[in-house]
Amino acid sequence: MTDTVEAQAGAAPVYSPSPAFERVHVIINPASGAEVPVLKPMNTAFSELGLDWDVTITKGPGDAERSARAAAENGVDVVAVYGGDGTVLDAACGLVGSGVPMLILPGGTANVVSMELGIPRDLTGALALLAPGASRLRHVDMGRTGDHYFFHLGMGLEGEMIKAATREEKDKSGLRAYLGAVLRNLRSLPPVRYHLMLDGEQIEVEGVNLMITNFGSLGVGGLSLSKDIDMSDGLMDVLVIHKVDFKSVVEAATGALTQGEVGQPLSQWQAREVVVIADPPQTMTRDGEVFEGREIRAEVVPHAVRIVVPLADED
């Protein structure tokens, strides 16, 4: 994992020039997003760019990770991933430390990671980033819990929201499916006591949702949880939403509309190592994948993966 070690030593820059792409491996999650044709636009784009490409289709969890790792070992220039945030995470896990960049082709319900990075939402626009001089590589941090890497981990209301949103609702309504799940669960969720250890400092706080995240985007109209979150600063951001009621929703909405980020009540810290113990145990989500738990131990992996981004993307 040479690239990760260099980043931790401060040797790796936030950005580097994109190489001349010649060989592309595409990973497609057929269960992601709306039912739209993807192979024909891909074939057209790759043919016009003169790129050699092949493709694998995922059938279950872990397939994207295995395919990305195998592609990197086979010497491809870039791994392109069509799917949602869960598929993007899987592929990123397979590329950690390899030096092989990832191109995100947004195909899920939220596509929060791609929005955070300014990647075009349409397939043709995202594919165009492979053209000579059209992109650069951003070196992006990830979090790690045990053997699992992540961009975003949430617990509480967020976990219940994703667990309750059905596949049918997401296909039909997109992000509104998550909003409907929030409204269904809002009154049934009691406050949670979070016991935090942030780089050795103990903090206790009560809330309805806790996030350990590397991005601030809400996946909607450029709105952000916090403008202080940077995907490449070598730190994880820990945010706690203290309550969700009519007043707090109004405050959050006001902040979003006037400042572009969610308003209070929300607390934020930054740390390299994070321990969270939730009382009672919570439904958790790691980049869209749901699981149950009480304790999370996480550490940041600086510049873990390189992602193809537009030249217009700002530091």
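User: When do two strands pair, and how many bridges link strand 4 and strand 5?
Analyst: Two strands pair if DSSP finds at least two bridges between them. In this predicted model, strand 4 and strand 5 (residues 102–106) run in the parallel sense. Tyr82 has Leu105 in strand 5 as its bridge partner. The number of bridges between strand 4 and strand 5 is five.

User: Why is helix 4 largely enclosed by the rest of the structure?
Analyst: Helix 4 covers residues 85–95. Its buried residues include Asp85, Val88 and Cys93. Helix 4 is largely enclosed because its buried residues number eleven of eleven.

User: Which residues of strand 4 are buried on the side with Val78?
Analyst: In a regular strand, side chains alternate between the two faces of the sheet. Strand 4 has both faces covered, with Val79, Val81 and Gly83 buried on one side.

User: Which residue of strand 4 is the bridge partner of His25?
Analyst: Strand 2 (residues 23–28) runs parallel to strand 4, joined by five bridges. The partner of His25 in strand 4 is Val79.

User: Which residue in strand 14 is the bridge partner of Leu153?
Analyst: Strand 8 (residues 152–156) has five of its five residues buried. Strand 8 pairs with strand 14 (residues 273–286) in the antiparallel sense, over three bridges. The partner of Leu153 there is Arg286.

Definitions and conventions:
Residues numbered from 1 in each chain as written. Predicted model: local features only at pLDDT ≥ 70, side-chain atom pairs only at ≥ 80, totals over all residues. Heavy atoms only, no water. Buried < 20%, exposed > 50% of the residue type's maximum accessible area, 1.4 Å probe, protein only. Helix = DSSP H or I, 4+ residues; strand = E, 2+ residues; numbered from the N terminus.
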